[in-house]
Amino acid sequence: LDNLVAQAKDILRTNDLGGYTVPTKGLYPFQWNWDAGVTALGWLYVDELRAWTEFEKLFEGQWENGMVPHIVFHQESDDYFPGPDQWKVEGNPPTTSISQPPLLATMVRIIYEQSKDKELAQAKLDALMPKLIRYHEWWYRERDPETTGLVSSYHPWESGMDNSPAWDDVLHRVPQVNRPYQRRDLNHVDSKQRPLKEQYDRYIYLVDFFRENDFDYQKIYQNCPFHTQDISLNAVLQRGTIDLIHLNTLASVAADMTSLEASVAKAEEVFPSLWDAERHLFLNRDQALEKAIPVSTSGGFMPLYSYSATPEQAALMAAEIKEWLVLGPSGLASTSPLESTFDAKRYWRGPSWLHINWMIVDGLKHYGHEDVAEQLRQASRAIIEQSGYFEYFDPITGEGCGGKDFSWTAAIALHWLL
Ligand code: DGY
């Protein structure tokens, strides 16, 4: 155990490039949005000041409209594609033009509550609050311009669950980019564990599309060929806004939260419409076809984490999770092992991810399902004992996949498992 703790701390230190942490060296050489949030949580157990710096560095990339990009390119690297020359976002530091599941406010809340240096925590919270509020207001203003109660996403990378089978049909409608480019991810990871070329061609088309549409949110909302309402992202946003409203009561200067409170209430009203009574989980939506996407993914359980399920739905989800764990005992599969598209080692098409397990366990506990929560925690712990700190894990064998020495896996272990 001591060894695992020491190893996890070492990974954070090794991946620290001076105030920000890369997810892993080589494969991901910059600062990613949701990785930064989870990784900050790990720093809490190493160096509290450093935990706060992780957020500050990420917010250096915040746009004027409030958006916090999915990657902040603090320094150049030839290891990654597509880099800043592809996204073509003006700014210093350069960034991408999409965001990622907004779990920052929730992580700030946990760190604020658990930190020992309360004076430091108060000063950092006070400085971060206006930025967090602008970020959340951006989601509702620009990503739900018609106030439907759910925000839109325009890229599989925005979901963080890049090659999830949930996106297959929507992505298939996106043209394949018509210019040569060179992937770099396959220099670092076995191609069987990464998205296909056919998917990358469409990912890159979208990068060009955003730029060609001047990053204009109205044009993109109207015309983007990839347009979803991502259940997991919406749940992370809902939970984040709830935590942000709470943080506002702890800040030295309270802001007006009326509009964010209204957004939480509106989302609460619409979440039930995404419930699938046969699959016993929530579904993503395809906004071009205006219908639910009939694919069972771990994201469909995330409304547990945002308190958006009824007690009955929560009980059905807990039972469903138990069944998934019979088929894939090494953490919660990202795609149901019963889906024909399930692929145990291919990124988001099957592998289990520790930060997702942790969020779902948090939700299970909220609804009183301690037994399933504990089963999933033990399963998560067994994986790192067996395989160490990989990016993701084969849910059937527990084998580590993707990048090695991964920051958020180490961070979640420090916070939750060790
Ligand atoms: C990648 O490059 O695989 C990342 O997931 C994009 O954010």
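Select His 70 to begin: with a relative accessible area of 1%, this residue is buried (buried means under 20% relative accessible area, exposed over 50%, partly exposed in between, with a 1.4 Å probe and protein chains only). This is a predicted model, in which local features need pLDDT of at least 70 and side-chain atom pairs count only at pLDDT 80 or more, while totals for chains, interfaces and linings use all residues. Residues are numbered from 1 along each chain as its sequence is written, and side-chain values use heavy atoms, with hydrogens and water left out.

His 70 occupies the loop between helix H3 (48-59) and strand S2 (71-72); helices (H or I, at least four residues) and strands (E, at least two) are DSSP runs, numbered from the N terminus.

Next, select Tyr 28, Trp 32 and Phe 406. Tyr 28 and Trp 32 form an edge-to-face aromatic pair, 5.0 Å centre to centre with 65° between the planes (rings of Phe, Tyr and Trp, the last by its six-membered ring, pair if their centres lie within 6.5 Å; planes under 30 degrees apart count as stacked, over 60 as edge-to-face and the rest as tilted). The rings of Tyr 28 and Phe 406 are also edge-to-face, with centres 5.9 Å apart and planes at 90°. This second pair links distant parts of the chain, as Tyr 28 and Phe 406 are 378 residues apart. Tyr 28 is buried at 6% relative accessible area, and Phe 406 is buried at 1%.

Now select Arg 173 and Asp 286, whose closest N and O atoms are 2.4 Å apart in a salt bridge (a side-chain nitrogen of Lys or Arg within 4 Å of a carboxyl oxygen of Asp or Glu). Arg 173 lies in the loop between helix H8 (168-172) and helix H9 (197-212) and Asp 286 in strand S6 (residues 285-286), so the bridge ties together parts 113 residues apart in sequence. Arg 173 is partly exposed at 36%, whereas Asp 286 is buried at 4%.

Finally, select Glu 113 and Arg 109, which meet in a salt bridge of 2.9 Å, N to O. Both belong to a salt-bridge network that also links Arg 239, Asp 243 and Asp 362.
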